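Grab your viewer and work through a few geometry exercises. Try each task yourself before reading its solution.

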Amino acid sequence: MILLTGITGTCGRAILTVLGERQIPVRALVRDLDKVTDLSMPGLEIVQGDLEDESSIESALQGVDRAFLVMANSEQQLANEKRFIDVAKRREVSHLVKLSASGADVKSSALLKRVHGEAEEYLARSGMNYTHIRPNFFMQNILHCAASIVAEDRFYLPLGEGRTGIIDVADVADVVVTVLTESGHKGQTYYITGPEILSFYDLAEQMSEVLGRKITYVDLPAQEFRSQLLNWGSSDWYVNAVMALFELMAQDTAASVTDTCRELCGRAPRSFRSFVQQHRDIFGERERVKTVAG
Ligand SMILES: NC(=O)c1ccc[n+]([C@@H]2O[C@H](COP(=O)([O-])OP(=O)(O)OC[C@H]3O[C@@H](n4cnc5c(N)ncnc54)[C@H](OP(=O)(O)O)[C@@H]3O)[C@@H](O)[C@H]2O)c1
């Protein structure tokens, strides 16, 4: 049996979809059952649990031989991941696949990279069989900018000229499912990216081409972005963590691509153009933008 965490989130949901398409039975640990009332899939077993609650992890891992661990970025992330690893080891889970991040490093200047670096080291030292999945920046992050793209044809991020090997979470999911269901991946660390290195100006240009109207990327001063995050109610810990991460990205540290997706899945990773095409209703058609603007 495979156990998934995080199925109400971006990666977990995408992984669940791939497992469902392949009709592979899976158990999912879910914090809030109300969030999955609309979810039904043959072979899916949902159990209530919380990574803050050791006994619920114990029950969820009963009879499980492979598990996927993803944790939201929060002050509790490292403690929760360590707790899950401890219980998985006790429960003799034979393979734990951890969603990490590109640049995970205990010595990174960015807290979130250090958290992943420490969790990776903790898992490796546990003696369990593991695989670390280190994706680059998710294309799905751009969906958070949809409101201003629809209203103003602009999006605002404090990322300067920084470039990324931006990746579609659907590819993260395909890689994770390959690792969970095929042999030969134990002890590996996979850095996965999309097919090309793109700046946020390049992303705007590709969006313009696909959507048929001019989309502009605005390099927002870091302080303004910080104020926005605080106004949205994010905690100081989260705001500081994201700002440090974005500062690193603005220095062009995420500008690389790998062949890992092709090597593991036998095909090229999805392009940003195809991602925009797939989500063009969210980014707004020209007609809809006219309507929004009155
Ligand atoms: N965004 C990027 O570009 C990027 C790139 C590389 C790596 N990453 C890494 O990806 C991870 C985030 O993945 P994501 O975007 O899929 O996350 P997400 O959409 O924020 O989803 C997080 C999931 O974790 C669950 N969760 C949170 N706290 C929990 C707890 N105490 N017990 C059980 N479940 C809990 C959430 O459940 P609820 O619905 O109950 O909250 C949700 O299902 C982070 O570790 C981040 O560093 C992100």
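First, some ground rules. This is a predicted model, where local features need pLDDT of at least 70, side-chain atom pairs count only at pLDDT 80 or more, and totals for chains, interfaces and linings use all residues. Residues are numbered from 1 along each chain as its sequence is written.

**Exercise 1.** Work out the order of the seven strands in the open sheet, then find what packs on it.

*Solution.* Start with the order: the strands run 3-2-1-4-5-6-9, with parallel pairing (strands are DSSP E runs of at least two residues, helices H or I runs of at least four, both numbered from the N terminus; two strands pair if DSSP finds at least two bridges between them).

Next, the edges: strand 3 (44-48) and strand 9 (188-192) each pair on one side only. From one strand to the next, the twist averages 20° (angles run from 0 to 180 degrees between N-to-C directions, and axes are lines fitted to C-alpha atoms, for helices over the stretch in contact).

Zoom in on one pair: strand 4 (residues 66-69) and strand 5 (residues 95-99) are joined by four bridges, and A67 has L96 as its bridge partner in strand 5.

Helix 1 touches strand 1 (2-5), strand 2 (26-30), strand 4 and strand 5, and its direction makes about 150° with that of strand 1 (contact means C-beta atoms, placed from the backbone, within 7 Å).

**Exercise 2.** How are helix 8 (residues 222-231) and helix 9 (residues 236-250) packed?

*Solution.* Two packed helices are described by the angle between their axes and the distance between the axes. Here the axes come within 10 Å and cross at roughly 150°. Helix 8 and helix 9 are therefore roughly antiparallel (over 145 degrees; under 35 counts as roughly parallel, 65 to 115 as roughly perpendicular and the rest as oblique).

Then list the contact: A222, R226, L229 and L230 of helix 8 meet V239, V242, M243 and E247 of helix 9. By class, that's six nonpolar, no polar and two charged residues (Ala, Val, Leu, Ile, Met, Phe, Trp, Tyr, Cys and Pro are nonpolar; Asp, Glu, Lys and Arg charged; the others, Gly among them, polar).

**Exercise 3.** Which residues come nearest the ligand, and which helix gives the largest share of the shell?

*Solution.* Of the 25 residues around the ligand, the nearest are G6, T8, G9, C11 and L51 (a residue is near if its C-beta atom, placed from the backbone, lies within 6 Å). Helix 1 (residues 10-21) gives the largest share, three residues. Finally, sort the shell by class: eleven nonpolar, nine polar and five charged.

Notes:
Two residues are in contact if their C-beta atoms, placed from the backbone, lie within 7 Å.
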